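Please keep the structure open while going through it.

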Amino acid sequence: MDLTRSQAARIALGAQGFTRPRPGLDGEVASRHVNRIIERLGFFQIDSVNVLVRAHYMPLFSRLGPYDRELLHRAASRRPRRLFEYWAHEAALVDVRLWQAFQFRMDSGARMWGSMAQIIEQKPEFVAWVLQEVRDKGPMTAREIEHDAPRDKDSWGWNWSEVKMALEYLFYKGQVTAARRNSAFERVYDLPERVIPQAQLDEPPLDPAQAHRVLVSHAARALGVGTAQCLRDYFRMAPEPTKAAIDELVATGELVPATIAGWKRPAYVHRDATRPRKVAARALLSPFDPLVFERTRTEQLFDFRYRIEIYVPAHKRVHGYYVLPFLLGDRLVARVDLKADRQSGSLLVHGAWAESHAPDHTAAELATELRLMAGWLGLNSVVPPAKGDLAGELTKSLARHLD
């Protein structure tokens, strides 16, 4: 299959849910809409930065429009539970139907970092005690367990960070999971059998090869089109088993090899991916949205070079601290540095920049989307930007709304 870059971009947008109407624009978003996006994407990446809104809330807003965030809370913490928390792409709320597919990661500990490996090696009795605390008293936060930990200095030489490390080890291994997040955004830990639906726990286990096929298949459906690197990155899998899964899915016809103009690497299209002739999307995207989190793919598909600058010193930032791409039609046409000033009730636009291919109506459409976001976040106003080549036009567009 031969594709132009524009065709590939439209396939990607269709697979990600940007060709469907956003029900929150002229109606009410319901659980069925949320469940549809969960099934489509497979997870919502979690990030602790709350300068605008926590990252896992944004993909639903981008695809559905304004919605009650309680719908996501219910999906992640109430029965019938649709989401569980685990390491997918990164820390994420994951479709509960993928629980079995992640058992290979829990069993192998392949991506486990040093502190988790260290705590089980050096203090296995302490880890066992933490697990027993959760079993006997859960659901509990790390802070609550730390409060109950033995104070005898000869016990384990415990401290809060070691309680947390023990819990993170148990969480990674699937021996505990997150029942919910509390108001301080701390994980509240409990046993999987008290959190994950029993029907899911009763599903037959998958061996690693089967798990990789499931996850690569899901990634391919969610992305629509991508290289082996794109498919591997979606759930952060190792190269060799991912390649084996791709080869098997090509052999069965689920993945169709494709050549995309300008791409050096071969690509794959999911057999069920739609090929839209036109995309009329309008959305602000989280930096951690699956449409853009693989930066090379974003640049190749949309001619949009995107780097998040949260960890860049302020004087070295090109665009700002928390910059969101703006999708209009089938292109990423602008970016805005945003902050929710909850004390003043304002959405602050620190800066706005247009891409060279941005159409003339970009500022007007962006102003509409910013006002929509402000309303969704419970903010009363949008403060126009002071910097960026789109600042003047955007300021005028925002002012016209007030006239």
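1. A cavity, in the sense used here, is a set of grid points where a 1.4 Å probe fits but cannot get out. The model under review is a predicted one, and a search of the whole structure finds 1 cavity of 30 Å³ or more. The volume of the largest cavity is about 40 Å³.

2. Which residues line this cavity? The lining of the largest cavity consists of Leu223, Cys230, Asp233, Tyr234, Pro290, Leu291, Phe293, Glu294 and Arg297. Helix α12 (residues 228-234) supplies the largest share of that lining, with 3 residues. Sorted by class, the lining comprises 6 nonpolar, no polar and 3 charged residues.

3. Leu291, one of the lining residues of the largest cavity, sits in the loop between β10 (281-284) and α14 (295-302). Its relative accessible area is 2%, and Leu291 is therefore classed as buried, since the cut-off for that class is under 20%. When neighbours within four places in sequence are left aside, Leu291 is in contact with Ala12, Leu13, Gln16, Phe18, Arg63, Leu285, Arg297, Thr298, Phe302 and Leu327. As for Asp337, which lies 46 residues from Leu291 in sequence, the C-alpha to C-alpha separation is 18 Å.

4. How do helix α1 (residues 5-15) and helix α11 (residues 208-223) cross? Their axes come within 6 Å and cross at roughly 110 degrees, and α1 and α11 are therefore roughly perpendicular to each other, as angles of 65 to 115 degrees are counted in that class. On the α1 side the meeting residues are Ile11, Ala12 and Ala15, and on the α11 side they are Arg221, Ala222 and Leu223. The residues of this contact of α1 with α11 divide into 5 nonpolar, no polar and 1 charged.

5. Is His218 buried or exposed? With a relative accessible area of 14%, His218 is buried. Apart from residues up to four places away in sequence, His218 touches Glu39, Arg40, Leu41, Gly42, Leu98 and Phe235.

6. Ile119, Ile120, Glu121 and Gln122 of α6 make the contact with Pro124, Phe126 and Val127 of α7. By class, the residues of the contact of α6 with α7 divide into 5 nonpolar, 1 polar and 1 charged.

7. Val130 is found in helix α7 (residues 124-137), and a relative accessible area of 0% places Val130 among buried residues. Not counting residues up to four places away in sequence, Val130 touches Ile145, Ala166, Leu167 and Leu170. The C-alpha atom of Val130 is separated by 9.1 Å from that of Glu146, and these two residues are 16 apart along the chain.

8. The peptide bond from Arg79 to Pro80 is cis, with omega near -5 degrees, and Pro80 lies in the loop between α4 (70-77) and β3 (83-87). A cis peptide bond also joins Gly138 and Pro139, with omega about 5 degrees, and Pro139 belongs to the loop between α7 and α8 (142-148).

9. The place of Asp303 is in the loop between α14 and β11 (323-329), and at 39% relative accessibility Asp303 counts as partly exposed.

Note on methods. Residues are numbered from 1 along each chain as its sequence is written. This is a predicted model: local features need pLDDT of at least 70, side-chain atom pairs count only at pLDDT 80 or more; totals for chains, interfaces and linings use all residues. Side-chain values use heavy atoms; hydrogens and water are left out. Helices (H or I, at least four residues) and strands (E, at least two) are DSSP runs, numbered from the N terminus. Buried means under 20% relative accessible area, exposed over 50%, partly exposed in between (1.4 Å probe, protein chains only). Contact means heavy atoms within 4.5 Å. Axes are lines fitted to C-alpha atoms, for helices over the stretch in contact, and angles run from 0 to 180 degrees between N-to-C directions. Angles under 35 degrees count as roughly parallel, over 145 as roughly antiparallel, 65 to 115 as roughly perpendicular and the rest as oblique. Ala, Val, Leu, Ile, Met, Phe, Trp, Tyr, Cys and Pro count as nonpolar, Asp, Glu, Lys and Arg as charged, and the others, Gly among them, as polar. On a 1 Å grid over the protein atoms alone, a cavity is a set of points where a 1.4 Å probe fits but cannot get out, and a pocket is an open set with protein on both sides within 12 Å along at least five of seven lines; lining residues have an atom within 4 Å of a point. Grid points are joined across faces, edges and corners, and a volume is the space filled by probe spheres set on the points.
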